[in-house]
Each structure stands twice: as structure tokens, then as C-alpha cells.
Amino acid sequence: MTPFDYTKGQAFLRDRFVPFADATVSIASSPVLYGLSVYTVFSVAWNADQKTLSVFRLQDHYRRLVNSAKIMDFCSFEPAWSYEKFKETMFELIRQNAPEEDVLIRATIFTDGIIAGTKIHSLPHVLAAYVYPVGEILPRGGVHLCVSSWIRNPDNAIPSRAKVNGGYVNSSLMKNEAILNGYDDAIALDAQGHVTEGTVSNIFLVRNGVLITPHVGADILEGITRDSILKIARDMKLPVEERLIDRSELYLADEAFVCGSSARVTPVLSIDKRKIGNGVMGPMSQTLSDAYRVAQRGTAADAYADWRMEVS
Ligand code: PMP
């Protein structure tokens with residue numbers, strides 16, 4: 001099997017499929033000049049035995065994309081793109097690329113105008129999408145994190161719950177600082193010093209047997225992996241708290257992990273050089289990680305079949 005080379009595959013741009021190399025935008029376009037685009041990334045799992053591909057929580061990703069567009073007043077997107085049309089286009093994109101490994105799809109809505117200025121309303125807002133390999137955005141064995149000296153964009157600056165490309169300058173500054181200082185990634189605090197999330201992931205702690213994560217009003221992205229973990233944990237009757245987390249609680253955690261469509265479930269081994277738990281993936285994190293993997297891939301009978309859709 002040849003590894004999937006997405007630069008030689010097909011992409012979707014505006015209203016048609018084109019070779020990836022031709023899926024380009026102008027240097028004078030609003031997404032390039034001002035980051036005026038929103039996106040989502042969802043996973044497609046390859047089942048090597050059955051030679052099938054299944055998409056994870058597509059409707060939820062569509063809904064979040066539409067919500068991001070609404071927050072940004074990308075007003076022409078939703079009327080033009082029903083869920084059915086979006087789904088069919090994503091399925092056709094997968095069929096045209098026919099990967100034989102786990103992949104991710106990045107779907108972006110951008111302001112498609114060559115005009116000077118930061119205008120949004122009443123300009124065309126169009127879709128672009130491509131398929132790419134899962135790769136390893138974070139080391140699979142676990143990560144060493146620091147608390148960033150940069151703070152998270154507050155909701156009334158660049159809303160975290162809208163997945164706005166321009167907002168990722170904030171994540172990039174944190175990630176860059178973390179790497180320069182010898183860490184894998186960073187944890188972002190808000191202006192009041194509460195824990196928000198990682199640079200491209202949500203964060204969970206386990207303290208005294210309770211699974212804890214910041215609530216959705218805490219300047220976080222409403223992550224679909226976060227939501228999946230919470231549902232699985234509640235179904236397992238694990239005690240769960242969605243609430244404000246102070247910085248100092250990070251150092252008291254018995255376990256911690258970050259999660260996301262690209263980050264998957266990755267254990268946090270240390271924070272600011274302080275070992276978390278035994279410095280390996282903790283038992284509750286392992287249980288949730290395993291259950292999430294089954295839910296995503298459908299490798300065993302589970303209660304989450306409606307999260308998956310086979311590409312036919
Ligand atoms: N927070 C941020 C800032 C992210 O970029 C991501 C990745 N999309 C997440 C959380 C996790 O979101 P999801 O589980 O929907 O991929």
C-alpha cells in the first residue's frame with residue numbers, strides 16, 4: 001500500500017473538484033490578508049479488514065462549521081450549503097481520493113472577495129476542503145506541557161467557540177513559545193488565570209477520581225472530541241465536572257490528557273516540569289481513550305454507532 005499523498009489528490013474549491021495543486025486563492029484575498037475564514041477538521045477511519053472508510057460525527061462538525069460562520073457573519077454560507085449537500089460533497093471528496101489509511105478532512109469556509117478592507121457582510125462565502133493523513137500532531141506516547149505566557153483570546157475579541165483561522169495566531173504564538181522552551185505544547189489561561197485549553201486541543205484533568213474539564217463558557221472551542229469523551233464518561237457513570245479550573249489545580253491532577261480530532265487522546269506527562277501522576281497515562285485516561293477509539297472506529301459493538309457513517 002502506498003501512503004496517501006494528499007498533494008497529488010483532489011480537493012474541493014468553491015463549487016467543484018480540482019487537483020490539489022490548483023486549489024489556490026489570491027494573495028490579495030480576505031483569508032490571506034485578514035484570516036477571514038472558519039474551518040473544521042474531522043476524522044475518517046480506515047478499516048483495513050473490511051476495506052471501508054467511516055466518517056466520525058459529520059453532522060456535528062457541519063453544525064459547528066455553520067455556527068462559526070454565523071458568529072463571523074459569513075451570511076451566504078448556510079443558505080447555499082444544506083447538511084445533505086455538504087455530506088454528499090465530503091463523501092465524493094473521499095471517494096475521489098480513496099485513501100487506504102486513517103485520514104482527516106479539513107473543510108474551510110472563506111470570504112471570497114478581492115477587495116481592500118476587512119469587510120465581511122454580503123461578500124461571497126465559499127467552501128474549500130481537502131483530505132490529508134492523520135500524522136502525529138503531538139507525540140503519541142504523551143506530552144510535556146507548559147502554561148503559556150500568552151493568554152487565550154477572550155470571547156469578545158476573537159471568539160474561541162468560532163473556529164476562526166485568524167484566531168490561530170494566538171495558538172501559534174503559544175505553540176512557538178512552548179517549543180522554543182523545550183515543551184511539546186502549551187496550556188492557555190484566560191485573562192483571569194483560569195485554564196482554557198491546549199493550542200489545538202481541549203484539556204481534561206482527573207482529581208480524586210473526578211473527571212474535570214473547563215465549561216463551554218471558559219473561552220474554549222466546543223470540541224467534538226471533548227463532547228464525545230464527556231458522553232462516554234457519563235455513560236460509564238464516572239463523576240464528571242465541567243467548571244472553572246485554576247492554574248494551581250493543574251499541578252494537583254492525578255491524571256491529565258488533551259484531546260481533539262487531530263490530537264486524538266494524548267496523555268499529559270508533565271506540566272511546567274512537574275510530573276502528573278506517575279508520569280504515564282493514568283487508568284481513567286486509558287479507559288476513556290480506549291472507549292473513544294472504539295466509538296470512532298467501530299471495532300466492537302458499542303452504543304455510539306450513530307456517530308459513524310460509512311462512506312458508500
Ligand atoms: N481546541 C482548539 C483550539 C482546537 O483547535 C481544537 C481542534 N479542532 C480542539 C480544541 C478540539 O476540537 P475537536 O475535538 O472538535 O477537534
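Predicted model: local features only at pLDDT ≥ 70, side-chain atom pairs only at ≥ 80, totals over all residues.
A pocket, as the word is used here, comes from a 1 Å grid over the protein atoms alone and is an open set of points with protein on both sides within 12 Å along at least five of seven lines, while a cavity is a set of points where a 1.4 Å probe fits but cannot get out; lining residues have an atom within 4 Å of a point. Grid points are joined across faces, edges and corners, and a volume is the space filled by probe spheres set on the points.

Side-chain values use heavy atoms, with hydrogens and water left out, and residues are numbered from 1 along each chain as its sequence is written.

The largest pocket has a volume of about 390 Å³, and of the 31 residues that line it, Tyr39, Lys163, Tyr168, Val200 and Leu221 lie nearest its centre. Two or more lining residues come from each of β3, α2 (58-71), α5 (168-180), α6 (224-235) and β13 (255-260), where helices (H or I, at least four residues) and strands (E, at least two) are DSSP runs numbered from the N terminus. By class, this lining holds 13 nonpolar, 13 polar and 5 charged residues, with Ala, Val, Leu, Ile, Met, Phe, Trp, Tyr, Cys and Pro counted as nonpolar, Asp, Glu, Lys and Arg as charged, and the others, Gly among them, as polar.

The second largest pocket holds about 300 Å³ of space, and among its 17 lining residues Ala23, Thr108, Phe110, Ala128 and Tyr130 are the closest to its centre. At least two lining residues each are supplied by β1, α1 (30-34), β5 and β6, and the lining divides into 12 nonpolar, 4 polar and 1 charged.

Now to the sheet. Seven strands form an open sheet in the order β2-β1-β6-β5-β3-β4-β16, with antiparallel pairing; two strands pair if DSSP finds at least two bridges between them. Because β2 (16-19) and β16 (308-310) stand at the edges with a single partner strand each, one side of each is left without a neighbour in the sheet. Neighbouring strands are turned by 30 degrees against each other on average, direction ignored, the axes being lines fitted to C-alpha atoms, for helices over the stretch in contact, and angles running from 0 to 180 degrees between N-to-C directions.

Which strand pairs with β4 over 4 bridges? That is β3 (residues 37-47), in the antiparallel sense, with β4 spanning residues 52-56. Ala45 has Ser54 as its bridge partner, and Asn47 has Thr52. Between the two strands the hairpin has 4 residues, and Lys51 takes a positive phi near 55 degrees. With β16, β4 pairs over 3 bridges, again antiparallel, and here Ser54 stands opposite Glu310. As 5 of the 5 residues of β4 are buried, this strand is largely enclosed by the rest of the structure, buried meaning under 20% relative accessible area, exposed over 50%, and partly exposed in between, with a 1.4 Å probe and protein chains only. Thr52, Ser54 and Phe56 point one way from β4, and Leu53 and Val55 the other way.

Finally, Asp254 lies in the loop between α7 (247-250) and β13 and is partly exposed, at a relative accessible area of 38%.
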